[in-house]
Amino acid sequence: YLRCQNAKPEDLVGDDGDVHSIRALPFVHMMTAGPPCTKHSKLGSYDGFSDKYTGRLIFETLRLMQQSQPCCALIENVQTFATLRYRGVTCLKLVERAIARIGWHMVAHAIDALDMGVPQSRKRVYLACFRYKNHHTAYLQALDDDDSSVRRAIRARTVGIADIAEQDVCPLSHPDLFISPEMLTSSRWRNNIYRVHTIDSMQPAWCLTSSAYMDGFGSTYICRRTKAQLGLTPD
């Protein structure tokens, strides 16, 4: 990519990885961005734009949109970004106003990964941004057309864990379980903070995870046996 655009690595990552030091990006037709979501979620105590550092980095995205002038941009963040308020106004509304000030046009979507054929319920906000008014208008028309590719892409589909789980997998830490026995006996398991599904379940997961880091936020583990067989209280 850098060779095609005759660009330098620092044009993409800035000095020492600091996005503030990027003056402009090499030209692209479409720009995608996922500004840090931590401060807009439960993990960051819903600080939102009150946090002057990572909480407001989405405005660096808008700055680069204005300076680099791609044709369109797609910005993603957690669902609570749409409702979290800063000085009486939602973060989403403040971003919408900022996008309008730089002459762009925006459509906001709340999409669950479950509706996209992924067997987990993971809700996110997507901002479809357009530099040109006619592109924005064409996108709105596509949303109103049930036969358009846009509408077909966001139709709900029924998908279960069994559709993606591999049946013949070597357990890493326990003959029937993909977590340690020590974690299984913790109070969090007894209090039903974690969810357990078997690998043949046709149910979607709440939040698939691959580690125990920062757990306690509705994580799901996929096991070989049921909760009752594991000695846990059934759902």
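Rings of Phe, Tyr and Trp, the last through its six-membered ring, pair if their centres lie within 6.5 Å. All views below show a predicted model.

**Figure 1. Ring pairs link Phe49, Phe59, Phe81 and Tyr86 into a cluster.** A search of the whole structure finds four aromatic pairs. In one of them, the ring centres of Phe49 and Tyr86 are 6.2 Å apart and the planes stand at 75 degrees, so this pair is edge-to-face; the angle cut-off for that class is over 60 degrees. The pair links distant parts of the chain, since Phe49 is in the loop between strand 1 and helix 3, whereas Tyr86 is in strand 3 (residues 85-86), 37 residues apart. Phe49 has a relative accessible area of 2% and is therefore buried. Tyr86, at 16% relative accessibility, also counts as buried, because the cut-off for buried is under 20%.

**Figure 2. Phe130 and Tyr139 form a tilted aromatic pair.** A pair of aromatic rings is described by the distance of the centres and the angle of the planes. For Phe130 and Tyr139 the centre-to-centre distance is 5.0 Å and the angle between the planes is 45 degrees. Both residues of this pair, Phe130 and Tyr139, are buried.

**Figure 3. Strand 1 and strand 2 pair in the parallel sense.** Strand 1 covers residues 30-33 and strand 2 covers residues 72-78, with four bridges between the two. The bridge partner of Ala33 in strand 2 is Ile75. From strand 1 the chain passes through helix 3 (residues 58-68) to strand 2, and this β-α-β crossover is right-handed. In a regular strand the side chains alternate between the two faces of the sheet. In strand 1, Met31 and Ala33 lie on the covered face, while Met30 and Thr32 lie on the uncovered one.

**Figure 4. Strand 6 pairs with strand 2 and with strand 5.** Strand 6 spans residues 123-130 and is mostly covered, with six of its eight residues buried. Strand 2 and strand 6 run antiparallel and are joined by seven bridges. Here Asn77 stands opposite Val125 of strand 6. Strand 5 (residues 105-112) also runs antiparallel to strand 6, with eight bridges joining the two. In this pairing His109 stands opposite Tyr126 of strand 6.

**Figure 5. The side chains of Thr198 and Asp200 are joined by a polar contact.** The contact has a length of 2.6 Å. Thr198 is located in strand 7, which comprises residues 195-198. The relative accessibility of Thr198 is 14%, so this residue counts as buried.

**Figure 6. The protein, shown for context, has eight helices and eight strands.** Of its 235 residues, 37% are buried. The accessible surface comes to about 14000 Å², and carbon and sulfur atoms account for 52% of this area. Among contacts between residues at least 6 apart in sequence, 62% join residues at least 24 apart.

Technical notes. Residues numbered from 1 in each chain as written. Predicted model: local features only at pLDDT ≥ 70, side-chain atom pairs only at ≥ 80, totals over all residues. Heavy atoms only, no water. Buried < 20%, exposed > 50% of the residue type's maximum accessible area, 1.4 Å probe, protein only. Pairing = 2+ DSSP bridges. Right-handed = clockwise from strand over helix to strand, strands pointing away. Polar contact = N/O pair within 3.5 Å; in protein donor to acceptor, adjacent residues only side chain to side chain. Contact = heavy atoms within 4.5 Å. Areas by Shrake-Rupley, 256 points an atom, 1.4 Å probe, with all protein chains shown as cover. Phe/Tyr/Trp six-rings, centres within 6.5 Å; stacked < 30°, edge-to-face > 60°.
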